[in-house]
Amino acid sequence: MGHIQLKQVTKRFGDVEVIPSLDLTIQDGEFTVFVGPSGCGKSTLLRLIAGLEDITSGHIEIDGMDATEVAPAKRGLAMVFQSYALYPHMTVRKNIAFPLRMAKMDQAEINKRVNSAASVLNLTDYLDRRPGQLSGGQRQRVAIGRAIVREPAAFLFDEPLSNLDAALRVGMRMEISELHKKLETTMIYVTHDQVEAMTMADKIVVLQAGMIEQVGSPLELYRKPRNTFVAGFIGSPKMNLISGAEAEKHKAHTIGIRPEHIDVVSDGGLWKGTVGVAEHLGSDTFFHIQNTGLRDSLTVRAIGDVSLNYGDTIHLMPRAEEFHRFDAKGLRLE
Amino acid sequence: MATQHSRSAARFMMAPAVTLLLGWMLVPLSMTIFFSFKKYLPLRGDSFEQGLEWVGFANYVRFVTSSAFWPSVLTTLIIVGGVLVITVILGILLAMLLDQPMWGQGMVRVLVIAPFFVMPTVSALVWKNLFMDSVNGFMAHVWRAFGATPVEWLSRESMQSLIMIVSWQWLPFATLILLTAIQSMDSEQLDAAEMDGASPIARFIHIVLPHLGRAITIVILIQTIFLLSIFAEIFVTTGGAFGTKTLTYLIFQRVLESQNIGLGSAGGVYAIILANIVAIFLMRIVGKNLDA
Amino acid sequence: MARGVTTQRKIINTAAAWAIGLLIFFPILWIIVLSFKTEADAIKTPFEILTGSWTFESYLVVQERSDYFKHFWNSVTIAFGSTILGVLIGVPAAWSMAFVPSKRTKDILLWMLSTKMLPAVGVLYPMYLLFIQLGLLDTRTGLVIVLMLINLPIIIWMLYTYFREIPVEILEAARMDGASLGKEIMYVLTPMAVPGIASTVLLNVILAWNEAFWTLNLTAAKAAPLTAFIASYSSPEGLFYAKLSAASTMAIAPILILGWFSQKQLVRGLTFGAVK
């Protein structure tokens, strides 16, 4: 169950080719995240899998069967929309029961499943309320509940947390991850937030302009980004990419080093600069440093509080083993 | 949302409406065009079964050269133009008044809107008899109370009477549309103008009026289309006499009263062309709005 | 625009507005007044009318003699019949245009609106002939069909604008939940669109009730609705002001009440969205 394969899938809207030929395999039970900047095609890809848009050419296989021409409802997938798309005129109970009603399940079975989904999601007290009377997080859960009761082969999430405030987002993130561990069902999750991607995914698919830049586990993408795009996209704050003389020293066109891999030393470091903006978070300090001769602004992360501020001279020691090397095309050099 | 499945479903779901409207547009229209090229006077013995004589464009020529034609065009222009002028100008003034702070605004709106919902036959007959009748009508009594002779509205001042009746009916429409437009206006623009030293009249001319321009155009176009085909009001008041024969009424008479179907049909084609010209302008504006 | 408005200004505005409002409404008021008079009283001077006695006499006469309720019922049947038929045909069409738009959708919509611009008089005789051929002359069915056709553009247009306000995702969710098209429309779209559908019905019932071209020319004694019935007062015998007033009051009262509720719909429906 839940094995999805995309073979040479392309998608065109009119004359615009949004997704040039794409191949991807999603294993059963995997939590796969599609991540990328706005307009990279991740939502489109999700909708192609769901069947809400037609594929221009190529095939989609679900559990070994060609699902390219199959209607959305018959693909055995469930989708949680960004805006939750709850039925405003139905109670929570009726919302969750709706797919089962459409499948002509008998009432007793429907009740059983609805109650069980509601208890998993802590919605039992709200079953008779309408969506308009619920908070954002509760609505989110109803949307998930509606997906769960269908016992689908895979769950599709379209940026489900974007409409929630920051605190709620962290909580819901954990709930969705726990849900995944409990249900062990394939989940495909679309987000533009790389923190969500890194924390939730078994496998991340980084997309840009409809093309896959890299597929791999979060740590793979972190440790071995295949190109400068992925290198700059994964990791916050962004990796420092340096070209020019310093890069040539490493026999590369561009080198990269993450802010957390540059140590602040009291003197004698490899690099030197002037502190521009210093962000003191207590747990960490982030420095944006000028006048290094390497690039306009170098970002460095220090643990704990380091009391250097605007205008101070700062000495830096990058860790030699943490350099990433890229060629002129931006591809990784080993 | 556009998949093959939903697209074919959509085509299927639109089919009834499109088919019906297509039929509605084409069938009677092609018949009218057909008749316009024939000589067909049923009262004088012509009939379908016997076959109708083809007369080419003779009906078209006869229609515009008949002595009733140009007067009817003039009448139409006067009535439509008169109603437009009255409803738009009064409509703007009334809309501005209703936008002001006052007590009981909702109730006043109800009073002002009411005439639009009165069916045309009631409206015309009530005006004709209860108000304009020169012996027993309301206005006759009032005129007499002031020592003046009552006006014979419908028989002497027929066009003015009709214009009055139709304007009364359509003023609410213009007012409502213009009021909606005024209320959608950004008050900050007016505040800024006031800070810039503009007097109320200057503010009206330079800010309110241009903003209303679009709404005024819409009102004029829509009203023109409906006013061109006024029928009931003329039918129940003057029956086209006293110079109140509009183009529409002339065609009606040719078709149903004098039963010269060929001639009337040619006239009908003229009316359709005329209406379409106005419609093109209106549709262009509506179309631009749909893109928004 | 109400920044620090003086009470004095407000009084002037109120007085002016009410004066004009009452002036405009006066004819309707006068109809109601005269409907409660005898024929003899109805032709007296206004002063005498207002100070004279009031009676239900004219209402009773109208109902008894002229088969008033038959025509009233015709109006009801025709107005509601044509509107409901139009909605049944219009909902699927508006659904397609709102939720599965194509490049041609806008053009089709504009074309539909343009059919409303067709001058009725231009197709009067063909319709007359067709109706005779099909046995529809002077039937309520015939009028239901014609009025449905002339109001269909407005019905579809209004439904379209209301449907566009419904988020597509909710319908997509229904689709993912396994709803077929029919079920999607029945269980999800329609309940959400009830206010919009009600508004559409309201406005179009009013328009159909007041229609005064086809109802005058395609009916005679049997199917004549109120528009035609009132028109028969244009060449009456004897005194008739009070009867006309009574008949008119009964004919316009329902629509005046409905009209009060439909102001917003009026703007939306008849300006084709060009004014917001």
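I call a residue buried under 20% relative accessible area, exposed over 50%, and partly exposed in between, with a 1.4 Å probe and protein chains only. By that rule I found Arg146(A) buried, and Asp177(C) as well.

**Ground rules.** I worked on a predicted model, where local features need pLDDT of at least 70, side-chain atom pairs count only at pLDDT 80 or more, and totals for chains, interfaces and linings use all residues. Residues are numbered from 1 along each chain as its sequence is written, chains are lettered from A and ligands numbered from 1 in the order in which they are written, and side-chain values use heavy atoms, with hydrogens and water left out.

**Salt bridges.** I took a salt bridge as a side-chain nitrogen of Lys or Arg within 4 Å of a carboxyl oxygen of Asp or Glu. Side chains of opposite charge can pair when their charged atoms come close. I noted 17 salt bridges over all chains.

I went back to Arg146(A) and its partner. Arg146(A) forms a salt bridge with Asp177(C), with the closest N and O atoms 3.5 Å apart. The pair joins two chains, because Arg146(A) lies in helix α4 of chain A and Asp177(C) in the loop between α9 (168-176) and α10 of chain C. Here helices are DSSP runs (H or I, at least four residues), strands are E runs of at least two, and both are numbered from the N terminus.

I also logged a network. Glu109(A), Lys112(A), Arg113(A) and Glu151(A) are joined into one by salt bridges that share partners. Within it, Glu109(A) and Arg113(A) meet at 3.3 Å, N to O. Both sit in helix α3 (residues 107-120) of chain A, four residues apart, about one turn of the helix. An α-helix has 3.6 residues a turn, so residues three or four places apart point the same way. Glu109(A) is partly exposed, at 25% relative accessible area.

Next I looked up Arg141(A) and Glu175(A). Their side chains form a salt bridge at 3.2 Å, N to O. This pair links distant parts of the chain, 34 residues apart: Arg141(A) is in helix α4 (residues 136-148) and Glu175(A) in helix α5 (residues 166-183), both of chain A. Arg141(A) counts as buried at 16% relative accessibility. Glu175(A) counts as partly exposed at 32%.

**Cavities.** I used a 1 Å grid over the protein atoms alone; a cavity is a set of points where a 1.4 Å probe fits but cannot get out, and lining residues have an atom within 4 Å of a point. Grid points are joined across faces, edges and corners, and a volume is the space filled by probe spheres set on the points. I got six cavities of 30 Å³ or more.

The largest cavity has a volume of about 810 Å³. Its lining has 33 residues, with Trp170(B), Phe226(B), Asn210(C), Glu211(C) and Ala212(C) nearest the centre. Two or more lining residues each come from α7 (158-183), α9 (200-228) and α10 (232-237) of chain B, and from α8 (140-164) and α10 (181-210) of chain C. α10(C) gives the most, four residues.

I sorted residues by class: Ala, Val, Leu, Ile, Met, Phe, Trp, Tyr, Cys and Pro as nonpolar, Asp, Glu, Lys and Arg as charged, and the others, Gly among them, as polar. The largest cavity's lining has 25 nonpolar, five polar and three charged residues.

The second largest cavity holds about 100 Å³ of space. Its lining includes Thr76(B), Ile225(B), Leu247(B), Met117(C) and Pro119(C). α9, α11 (247-257) and α12 (261-291) of chain B each supply at least two lining residues. α12(B) has the largest share, three residues.

**Helix α11(B).** I checked its burial. Ten of the eleven residues of α11(B) are buried, so the helix is largely enclosed by the rest of the structure. Among the buried ones are Leu247(B), Tyr249(B), Phe252(B) and Arg254(B). Just after α11(B), Gln259(B) takes a positive phi of about 50 degrees.

**Chain C overall.** I noted 14 helices and zero strands in chain C. Its C-alpha atoms fill a box of roughly 70 × 70 × 35 Å along the principal axes. Of its 276 residues, 60% count as buried.

Methods:
1 Å grid on protein atoms, 1.4 Å probe; cavity = no way out; pocket = protein on both sides within 12 Å on 5 of 7 lines; lining within 4 Å.
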